[in-house]
Amino acid sequence: HCLEPLVQLIPLSQAGNERIAVIKAVAAYGSSATSAIPQIVAQLETQPHITTRVLGDFGSAAAMAVEPLRRMVGHSIE
């Protein structure tokens, strides 16, 4: 199973296309990759497009990402 090494590679990979490819590879595991959500959320500032898309694909499993996403776009939580 290659998921865990890929998850560990997320913050180690070079920002940009390399990191995007790693995040996509992790997301390809689908619901099996929900354990990677915290590592993906940590990439919101450097890789916002891929992280928001992947988190959206995880659906309600990514609920812990709502607060960081709101902070990222400047909305307060009410």
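Setting aside neighbours within four places in sequence, I37 is in contact with L55, F58, A61, A62 and M64 (contact means heavy atoms within 4.5 Å). The model is a predicted one, so to speak of local features takes a pLDDT of at least 70 and side-chain atom pairs count only at pLDDT 80 or more, while totals for chains, interfaces and linings use all residues. Residues are numbered from 1 along each chain as its sequence is written, and side-chain values use heavy atoms, with hydrogens and water left out.

I37 sits in helix 3; helices here are DSSP runs of H or I with at least four residues, strands are E runs of at least two, and both are numbered from the N terminus. With a relative accessible area of 2%, I37 is buried (buried is under 20% relative accessible area, exposed over 50%, partly exposed in between, using a 1.4 Å probe and protein chains only). The C-alpha atoms of I37 and A63 are 9.5 Å apart, though 26 residues separate the two along the chain.

In soluble globular proteins, nonpolar side chains tend to be buried together.

Q43 lies in the loop between helix 3 and helix 4. Q43 counts as buried because its relative accessibility is 7%. Apart from neighbours within four places in sequence, Q43 is in contact with I10, P11, R19, I23, P48 and T51.

Zooming out, the protein has five helices and zero strands. Buried residues make up 32% of its 78 residues. Of the contacts with a separation of 6 or more, 52% link residues 24 or more positions apart. The C-alpha atoms fill a box of roughly 40 × 25 × 15 Å along the principal axes.
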